[in-house]
Amino acid sequence: MKERLVVIGNGMASLRFLERLTERAPGAYDVTVVGAEPQAAYNRVLLSSLLGGEVDEAACAFRGLDWYEAHGIRLITGAPVTQVDRENALVMVGETHVLPFDKLVLAVGSLPIRLPKPGMDLPGIITFRDLADVAAIRKAAVTGARAIVIGGGLLGLEAAVGLARLGVDTTLLHVMDRLMERQLDHHAAGLVKRAMESRGVRVLLKADTAHVEGDGRVERLVLSDGTVLPADLVVMSVGVRPNAVLAQGAGLDVGRGIKVDDRMTSSDPRIFALGECAEHRGMVYGLVEPAYEQAEVLSRHLVGEEAAYPGTSLATSLKVSGLPVFSAGLIDAPDGAETIVMSDPGLGLYRKLIVGDGKLLGAVFVGDIAEQGWCKTLIRTGEPIADHRDDLMFGRVHAPDSQSLAA
Amino acid sequence: MNAHVQAPAPTVVKTTCPYCGVGCGVLATPDGFGGAGIAGDTEHPANFGRLCSKGSALGETLSLDSRLLHPSVDGVRASWESALGTVAGGLRKVAEQHGPDAIAFYLSGQLLTEDYYVANKLAKGFLGTPHVDTNSRLCMSSAVAAHRRAFGSDTVPGCYEDLDEADVIVLVGSNTAWCHPILFRRMVDARAKRGTKLVVIDPRRTQTGEEADLFLGLKPGTDTTLFSGLLVHLASAGALDYRFVLDHTTGFEGALERARSIAPDIAATAAATGLPEADVGAFFALFTRTKRVVTAFSQGVNQSAQGTDKGNAIINCHLATGRIGKTGAGPFSLTGQPNAMGGREVGGLANMLAAHMHFAPEEVDRVRRFWSAPNIITGEGMKAVALFEAVERGKIKALWVMGTNPVVSMPRADAIREAIKGLDLYVVSEAVADSDTACATGRKTILLPAQAWGEKDGTVTNSERRISRQRSFLKSPGEARADWAIISDVAKRLGHGEAFAYPNAAAIFREHASLSAFENNGTRDFDIGAVSDISDAAYAGAKPLQWPLTKRGASKDGKQRLFADGQFFTFDKRARFVAVQPPALAQAVSEDFPFVLNTGRVRDHWHTMTRTGKSQRLSAHRDVPFVEIHPDDAAAMGVTHGGLATVSTAHGAAVLEIMVTDGMRRGDLFAAFHWSGATASEGRVGALARGIPDPVSGQPELKATPAAIAPAVYRSRGFLLTRDQRSLPAGWWWARATILGGSGLHFATQESSREVALMLRGMFQGLEIAEYADHARGRYRFAAYDGDRLVACLALAPGEAKPGWESEKAYFAADDLEPSARRALLSGRAETASAGPTVCACHGVGLDVIAATIAAGAHSVEAVGVACKAGTNCGSCIPEIRKLLPQALARDAA
């Protein structure tokens with residue numbers, strides 16, 4: 001009899017894991033997947049495009065139900081798992097459903113944070129995390145509506161741009177003095193702000209939300225400096241935390257997330273975790289790239305191959321509503337390091353390299369991120385960059401050789 | 001941009017180019033907005049429609065930027081009434097307190113003949129000062145002196161047609177290809193047509209030398225040796241015209257004997273000149289066997305402490321062979337300035353009185369009577385060098401400078417700027433407000449705005465004695481006036497109104513022509529009596545005329561050639577051979593100053609750049625002050641191509657960019673003198689020359705001053721392109737060049753890139769700045785935008801890595817920049833292939849384009865011209881194009 005493998009969560013990490021597993025060893029396990037959302041795994045990265053009406057829901061889909069069927073995967077959707085019973089090796093779904101497992105994968109992602117401020121439970125205050133959120137936002141975003149997005153991270157920016165595209169009067173609030181402060185330096189953040197503004201989003205920095213008011217529904221937002229901003233809709237995008245509730249309940253080792261080793265194994269050797277809910281070497285990732293790398297490692301491990309996840313170097317490359325942004329390694333130069341900068345605000349172009357001892361320590365690019373892969377490699381390998389400074393700044397003149405591109 | 005106000009009727013006006021002594025005819029078509037279309041005059045016998053790069057770009061020099069538009073007294077704007085009163089009062093006071101000979105005039109080969117005439121008349125006949133000299137002293141006064149010693153008159157015997165008809169043309173001390181390009185085209189055409197051989201004699205292998213059939217790169221100052229050797233060779237080869245020598249000359253034996261002592265044979269000539277014997281022998285043989293030889297000479301001969309002897313050594317060879325005044329044969333002084341000849345005709349030099357008359361008592365009396373002059377002078381005045389030394393000594397109290405920039409161009413120019421401060425009265429008649437001379441000050445300083453080319457109206461005479469009209473086709477801007485009118489008004493205020501009551505330039509010309517014919521009767525070469533009663537209308541429409549043009553002469557067209565009949569203007573009608581002095585440089589090199597500094601010109605600039613500097617096309621060919629040095633010397637002195645070096649003499653120092661070239665002899669340096677305090681921080685090459693005068697002509701030596709050279713090390717080098725002219729902080733080295741759409745500065749500084757970024761970015765506050773900074777490597781670039789328009793662009797690199805600006809200049813000329821161009825501005829990398837440094841200024845074709853054209857199969861100058869237009873207008877870049885051919889071909893073969 002095949003081992004029973006239960007996967008809790010059907011997000012992007014989960015799906016990638018299933019794809020890799022079934023490629024490597026078709027039918028090796030008896031697989032059941034349980035997802036809380038009503039749909040099968042979809043492309044969460046496209047949510048902001050969906051919000052802005054650039055794509056429809058169909059475009060966000062990955063695999064049809066027939067795929068799961070064809071690969072012998074039992075898919076249960078719209079079913080939140082309520083408990084993991086390690087002693088009996090059971091997963092409880094809702095009140096009634098019980099799934100026994102030999103091996104268990106937790107891919108339950110993360111939960112959006114709600115600011116602990118008065119009025120945050122009023123109707124009209126919506127997080128931005130899944131298809132249901134998008135539907136709710138779109139419903140509230142009627143013509144003439146005034147929307148406030150709280151949170152100047154990537155997701156907040158995308159939500160704001162999506163709203164602005166819908167013709168909604170949109171204000172983005174960020175408590176820090178620059179947008180995406182963990183990925184961008186001041187200059188790059190300024191370019192992003194300019195790009196946001198050119199897309200119709202009003203951006204307020206150092207905007208600390210005090211509370212939200214409204215008579216049965218959100219009507220206004222008040223900042224700690226007393227500024228009152230009228231609002232028909234507030235989108236909350238102030239970050240996520242790993243979803244470790246189930247693991248905690250099951251008595252697994254939990255830090256910020258579910259602690260795993262290099263084989264994605266939790267404190268229970270039968271139980272694994274991957275994606276945003278996992279904590280590896282103290283790191284919790286909020287991006288899809290590490291999740292995919294973890295899915296790869298875990299799929300190998302479960303078919304008996306040697307595989308270890310070393311962690312993902314901290315790099316961000318993304319498009320803020322069409323504006324390419326890349327950041328890797330350090331953002332600001334420590335003492336003794338050099339900085340190389342190029343910027344053309346008119347072109348929305350910015351590049352900064354941080355170099356220490358002739359090695360690349362960090363890079364921030366806006367507008368053109370062609371050399372991002374190379375930068376990541378150089379940061380990881382510590383290869384001397386003396387001969388590459390101009391190419392890294394201005395782009396390679398000749399076709400790059402494929403090896404140095406491998407990131 | 002500043003421009004002339006709209007002129008009334010745009011029609012084609014025939015005028016004459018204001019640059020070199022070739023005197024090309026120009027057709028100017030005013031555009032009605034202060035500019036003019038410029039074309040060559042196909043009917044003018046000097047150029048038959050051709051123009052060189054400088055002439056072609058005249059239209060780019062007409063803007064009123066930097067023009068002097070109003071009179072001023074001690075820096076304060078004044079009315080003409082008040083300014084002229086101050087001048088007249090000052091002159092009167094100096095004359096009363098110190099005598100009239102405490103007054104001096106320093107005139108210019110840029111003045112028209114009519115202006116020259118009136119200035120000369122006022123000084124020498126009415127104020128009574130003999131101290132009237134001119135920048136022509138720096139140019140061709142040794143040729144004048146050599147002519148007078150040999151012919152008894154300052155006569156150019158031949159004409160341009162001789163260049164078409166010669167079988168050998170010997171160019172001595174003349175970079176004709178760059179400095180008289182249209183004549184050079186005629187020579188090259190003659191070579192194509194009749195196989196004329198070109199011999200070039202010059203210590204530098206210039207572009208002219210590159211084109212030579214035989215190039216003789218002799219030691220500086222040894223021209224006299226070479227021509228002495230030639231005279232000896234002609235005699236021993238039996239190539240003399242004994243009939244001519246016997247019947248029409250004197251002094252041959254003495255001259256030959258002296259020549260023998262200087263250069264007894266080919267071997268001795270070769271040893272003394274540093275030339276290979278074979279080359280000397282080849283030159284002598286060619287000269288000996290060829291009847292039609294023109295020996296053309298210019299500043300390399302003239303600007304020498306022995307310039308007069310050099311001229312006579314050349315003339316000796318032509319007299320000895322009777323090759324003078326004949327078709328295709330003769331010595332030929334190529335004059336530098338557009339109207340140096342007119343100045344000579346008028347007598348506007350310190351060693352002349354007027355109209356080719358000097359100081360014989362009957363000549364003085366004749367001129368006195370003609371002018372009804374109350375204070376006629378009776379002897380020579382001080383020549384330029386002595387004149388400015390007298391200013392230094394305080395002997396001259398009042399100086400009036402007209403249309404020239406001695407504070408840049410005179411030897412020991414720094415000392416002259418200092419000396420001017422001591423003048424009681426310093427008057428400058430100028431078209432340009434920011435020339436170093438206009439910026440200098442005396443105790444009382446009056447600036448008088450003069451008309452510029454295109455505004456003034458009168459005549460000029462070119463190197464072949466041809467008088468052409470410079471005509472007005474633009475309205476005078478501001479309060480600018482004709483020089484003759486300014487001088488006449490001062491004369492009136494000094495009580496000489498009757499003698500200076502000229503209604504127009506034609507009236508002055510008639511008086512000048514009358515004086516030339518006055519009691520002449522064939523005794524003086526300069527006689528244009530035939531036009532002494534020319535009507536105003538005829539003067540207005542006058543075609544170019546060649547003198548002599550006597551009232552009773554058979555031909556109204558003047559004489560093309562003189563002296564073929566053996567009749568000279570000495571008392572016995574015989575020409576004189578001159579026993580020349582053994583050649584030696586006036587100053588020997590020393591341990592401290594081991595190099596010989598030669599000075600000269602570049603192809604696309606004129607004098608101190610006050611006009612050519614306004615043209616972006618002309619400013620592209622050489623955009624920084626530079627010094628040329630032989631590769632071995634460069635290595636020995638630790639200077640590198642493109643780097644900066646301090647060149648110093650006992651009299652001054654300049655910081656110049658190094659050009660390493662094997663066209664230089666070892667031990668020699670060459671620097672162009674065009675840069676002034678207005679165009680470079682430390683590029684005043686004139687300040688370096690000692691300028692020891694020739695004892696006969698008074699012309700200063702500008703081509704052999706002992707000098708030292710050492711690397712000038714700067715922390716950073718860069719360039720700044722701006723829409724309007726900007727100044728850099730004091731202490732920085734810089735050179736300014738006009739670019740399309742703005743102004744460019746190359747600079748060098750001891751500041752770090754971080755400091756430069758801070759200082760220069762601050763100049764463009766309020767604009768959007770795009771920048772690139774790699775301060776750890778000393779690299780910084782920025783571009784400033786006003787909206788989408790590029791308004792400034794900077795590049796900075798470490799001192800040893802001068803950034804080039806060709807592609808940035810192209811971006812600056814564009815209205816809208818593609819994103820790729822904006823990125824290229826920051827990266828300094830080519831967006832697409834740039835054109836490279838400009839070679840063809842007329843069509844703006846760069847080196848890289850030409851090289852690519854050649855690489856693509858254009859394997860001749862003609863083919864290159866067809867493919868990219870380079871070299872098809874003025875042709876002065878053809879030598880450079882030709883130079884690219886073998887290199888490019890060799891590269892292909894490699």
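User: What makes a crossing of two helices left-handed, and in which sense does helix 3 of chain B pass helix 22 of chain B?

Analyst: A crossing is left-handed if the near helix is turned anticlockwise from the far one by less than a right angle, and right-handed if clockwise. Helices (H or I, at least four residues) and strands (E, at least two) are DSSP runs, numbered from the N terminus. In this predicted model, local features need pLDDT of at least 70, side-chain atom pairs count only at pLDDT 80 or more, and totals for chains, interfaces and linings use all residues. Helix 3 of chain B passes helix 22 of chain B in a crossing that is left-handed.

User: How are helix 3 of chain B and helix 22 of chain B oriented to each other?

Analyst: The axes of helix 3 (residues 113–127) and helix 22 (residues 483–493), both of chain B, come within 8 Å and cross at roughly 25 degrees. Axes are lines fitted to C-alpha atoms, for helices over the stretch in contact, with angles from 0 to 180 degrees between N-to-C directions. Angles under 35 degrees count as roughly parallel, over 145 as roughly antiparallel, 65 to 115 as roughly perpendicular and the rest as oblique. Helix 3 of chain B and helix 22 of chain B are therefore roughly parallel.

User: Which residue in strand 30 of chain B is the bridge partner of A:Ser343?

Analyst: Residues are numbered from 1 along each chain as its sequence is written, and chains are lettered from A in the order in which they are written. Strand 24 (residues 338–344) of chain A and strand 30 of chain B run antiparallel, joined by three bridges; two strands pair if DSSP finds at least two bridges between them. In strand 30 of chain B, A:Ser343 has as its bridge partner B:Glu771.
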